[in-house]
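Please consider the sequence and the three-dimensional structure shown here.

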Amino acid sequence: MTGLSTVPAEPPGHGLLIGRCAVVTAAAGTGIGSATARRLLAEGADVLVSDWHDRRLDATRDQLAAEFADRRVVSAICDVSDTAAVDTLIDATAAQLGRIDIVVNNAGLGGETPVVDMTDEQWDKVLDITLNGTFRCTRAALRYFRAAGHGGVIVNNASVLGWRAQRGQAHYAAAKAGVMALTRCSAVEAAELGVRINAVAPSIAKHAFLAKVTSEELLDRLAADEAYGRAAEPWEVAATIAMLASDYTTYLTGEVVSVSSQHA
C-alpha cells in the first residue's frame, strides 16, 4: 500500500483561529489533547491547557509556550469528575485569557474488561470521566457563553466505538455513545446561544500513553483494519478538531465526524 499509508508531514497553520481563545481538557502528554492544543496555537489561538496530572501538564505548557512564543499558553489543573473543579476551570480560562471562544472536551478514560468480569467501580469510573466529565464541561461552557453573549464552539472527543462493537470495551463504548448523544442534544439547545457543538470520532490514534494501556498485538490489529493500514497520528485528529472550531464549519452543529474509515 502506498500514498496515505505513509504518515504525511503535518501541515503548517493557516490562521484559522486568529484572535480566538480556547481551553483543552486532558491536554498533557503526547495524545490527542496536547496535539489539539498545539494545532489551535498553530492556527493562531491562545490556549489554556488543562489536565489532572500537574507534572505532565507543566511540561506540556512549557513546551508549547516555547514553541509558540507569540501566543499565550497557560494551564490549570482540573479533574473533570469534580463539578466544582470544572466550573473553576471555565472561570480560570476566561480570567487568564480574557474570554473563551473554543472548548475542546478531550478528557476520557478507557480500559479493557469483559462485561462478565467488570466491577461497578470500573464501569462507574469510565462513565464518570468520559461521559459525565464531558457533560460537566459542556454545561459550564454553555453557562459561560450564555452570560458572555458572544457565542462559541464546543468540540467533543468521541470514538468510533460509540457506533461499533469491540470486546472488552462495553464501558468505554457506552460512554462514547453517550458523548455522541450529548453532542446532538446539547447542540440543538445551544443554537439559540450562538454556540456550535460537534464531535470527532477517532478510531485509533498512535501515541505513547495508548501504548502503555493497550497491548501491541491489539494496536497492530486495529491499525491493520484501517483504510490506510495504519493508526492516525494525533495531529491528524487535532486538525479535524481545529477545522470544527473554525469558521469553515459555521453551519455544522450536532454532528459526529468520523476521523477514520471505521464508522460502523
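A residue is called buried when its relative accessible area is under 20%, exposed when that area is over 50%, and partly exposed in between, with a 1.4 Å probe and protein chains only. The model is predicted, and local features need pLDDT of at least 70, side-chain atom pairs count only at pLDDT 80 or more, and totals for chains, interfaces and linings use all residues. Residues are numbered from 1 along each chain as its sequence is written, and side-chain values use heavy atoms, with hydrogens and water left out.

Helices (H or I, at least four residues) and strands (E, at least two) are DSSP runs, numbered from the N terminus. Two strands pair if DSSP finds at least two bridges between them. By this criterion β1 pairs with strand β2 (residues 46-51) in the parallel sense over four bridges, and within β2 the bridge partner of Val24 is Val49.

Attention now turns to the nonpolar cores. A nonpolar core is a set of buried Ala, Val, Leu, Ile, Met, Phe, Trp, Tyr and Cys residues joined through side-chain atoms within 4.5 Å. The largest has 29 residues, of which Val24, Leu40, Val47, Val49, Leu64, Val237 and Ile241 touch the most other members. Two or more residues each come from β1, α1, β2, α2, β4, β5 (152-157) and α8 (234-245), and α8 gives the largest share, five residues. Leaving aside neighbours within four places in sequence, Leu40 is in contact with residues including Leu17, Val24, Val104 and Ala242, where contact means heavy atoms within 4.5 Å.

Which charged side chains meet in salt bridges? The whole structure holds eleven salt bridges, each being a side-chain nitrogen of Lys or Arg within 4 Å of a carboxyl oxygen of Asp or Glu. One of them joins Arg39 to Glu10, with the closest N and O atoms 3.3 Å apart. Arg39 lies in helix α1 and Glu10 in the segment before β1, so this pair ties together parts that are 29 residues apart in sequence. Arg39 is buried at 3% relative accessibility, whereas Glu10 is partly exposed at 37%. Another salt bridge links Glu67 and Arg38 (3.0 Å, N to O). Because Glu67 belongs to helix α2 (residues 54-67) and Arg38 to helix α1, this pair too connects parts 29 residues apart in sequence. Glu67 is partly exposed, at 43% relative accessibility, as is Arg38, at 21%.

The cysteines complete the account. There are zero disulfides in the structure, a disulfide being a pair of cysteine sulfur atoms within 2.5 Å. For Cys21 the nearest cysteine sulfur, that of Cys137, is 18 Å away. For Cys78 the nearest is also that of Cys137, at 5.8 Å. Cys21 is buried, at 3% relative accessibility, and Cys78 is buried, with a relative accessible area of 5%.
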